[in-house]
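Visitor: I would like to learn how to read a model like this one. Please start with the ligand site.

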Amino acid sequence: MTLVIENISKKIQQQDVLKNVSFELNTGEIVGLVGRNGSGKTTLFDTIAGELLPDFGRIGLDGLDYIKTIRLHEQLFYVDMPENWLRYYSPRKIKAILKLAYPNFDEQWYDAEIKRFGLNNSKRIRTYSKGMRALFMIIVSFASRAQYVFLDEPLDGLDVLIRDQVKQLIVNQVTSHQTTVLIASHNLVDLDTLVDRVLLLKNHTIDRTFAIEENKNIRKYQLAYSGDALPTFLRDSGTIIAQTGHVVTIVFNDFTEALGIKLAGQDFKFIEELPIGSEDVFRASFAEEAHVWQQELEGTK
Ligand SMILES: Nc1ncnc2c1ncn2[C@@H]1O[C@H](COP(=O)(O)OP(=O)(O)OP(=O)(O)O)[C@@H](O)[C@H]1O
């Protein structure tokens with residue numbers, strides 16, 4: 001079963017928010033959605049889930065139009081955070097409501113997880129702490145037994161110990177039920193430990209899709225240069241993400257063999273390749289914007 005997002009475009013107040021967004025989600029995949037603040041992640045979730053109508057484009061599931069086919073809606077679980085109707089009800093009441101909308105709602109598992117994490121079954125969700133609310137959202141999402149679960153910043157507000165348990169819970173659920181999960185998050189380090197691939201939203205569309213291990217053209221190095229100044233070719237061909245004295249960490253967005261040869265020919269005190277993560281790809285993807293800010297800070301622009 002594949003959810004097909006085809007050329008979705010959406011304007012809000014005459015401004016383009018999404019333009020020709022296309023991608024597919026396959027059974028049992030965990031996919032990350034990343035982008036700058038305000039890049040349209042929540043709008044994309046709302047649009048796919050049918051809470052906002054796209055201006056153009058189509059969302060297809062099983063060859064049918066997802067938005068127009070009401071019976072397909074039990075296949076997708078998403079509620080916008082933090083403002084949503086769930087907060088007015090207790091877990092017990094929410095279960096009763098959701099059992100009507102999601103015929104496969106897993107009552108037993110839901111009750112067991114509420115108990116396991118010590119959540120109060122009778123208290124309204126809005127009286128929960130931020131972290132407890134986030135935890136509840138994850139439990140209720142998977143308890144729906146919808147094929148597609150969309151999570152917007154699911155790890156936000158969770159302490160380290162709960163975060164580890166929640167990540168484990170997500171992976172276990174996907175493994176045992178072949179759920180497909182789309183996660184929007186700014187926490188790229190955590191995302192790297194969860195997702196199969198990442199969609200990067202930039203300029204209103206999916207600018208690139210990447211899986212960390214496949215990203216051979218993006219490289220990260222730490223090096224210490226000799227002499228007074230950093231060789232200019234480094235600044236020109238990479239993005240400096242950290243610098244302490246003569247020690248620099250640099251990401252090359254488009255690493256070439258020629259660049260490798262040039263690096264090898266330099267008189268560095270040391271140079272070491274580091275493993276890359278989504279944060280590096282993210283920084284490299286927005287290198288121009290970061291560069292302009294840096295110049296503004298330094299007063300050179
Ligand atoms: N109801 C609205 N009225 C006006 N503008 C809106 C509305 N909803 C979203 N927008 C605009 O659409 C753009 C995308 O917002 P959206 O919330 O989808 O971004 P996001 O990627 O989820 O952001 P963040 O990472 O900060 O949560 C922003 O410019 C936002 O101001």
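Guide: The shell around the ligand divides into two nonpolar, eight polar and one charged residue. Here Ala, Val, Leu, Ile, Met, Phe, Trp, Tyr, Cys and Pro count as nonpolar, Asp, Glu, Lys and Arg as charged, and the others, Gly among them, as polar. This is a predicted model, in which local features need pLDDT of at least 70, side-chain atom pairs count only at pLDDT 80 or more, and totals for chains, interfaces and linings use all residues. Residues are numbered from 1 along each chain as its sequence is written.

Visitor: Which residues are around the ligand?

Guide: A residue is near a molecule if its C-beta atom, placed from the backbone, lies within 6 Å of it. The residues around the ligand are I12, Q13, V17, G35, N37, G38, S39, G40, K41, T42 and T43. Helix 1 gives the most to this shell, with three residues.

Visitor: How many helices and strands does the protein chain have?

Guide: Helices (H or I, at least four residues) and strands (E, at least two) are DSSP runs, numbered from the N terminus. The protein chain has ten helices and 14 strands.

Visitor: What is the strand order of the open sheet of six strands?

Guide: Two strands pair if DSSP finds at least two bridges between them. In this open sheet the order is 6-7-8-3-9-10, with mixed pairing. Strand 6 (76-77) and strand 10 (205-210) are the edge strands, each pairing on one side only. Strand 3 (residues 30-35) and strand 8 (residues 180-184) run parallel and are joined by four bridges. I30 has V181 as its bridge partner in strand 8.

Visitor: Which domains does the domain assignment give?

Guide: Domain bounds come from an automatic or database domain assignment. For the protein chain, the assignment gives domain 1 (2-212) and domain 2 (215-298). Their C-alpha centres lie 35 Å apart.

Visitor: How many residues of domain 1 are in contact with domain 2?

Guide: Two residues are in contact if their C-beta atoms, placed from the backbone, lie within 7 Å. By that rule, 14 residues of domain 1 are in contact with nine residues of domain 2. On the side of domain 1 that touches domain 2, strand 3, helix 6 (188-192), strand 9 and strand 10 each supply at least two residues. Helix 6 gives the most to that side, with four residues. The residues of that side divide into eight nonpolar, one polar and five charged.
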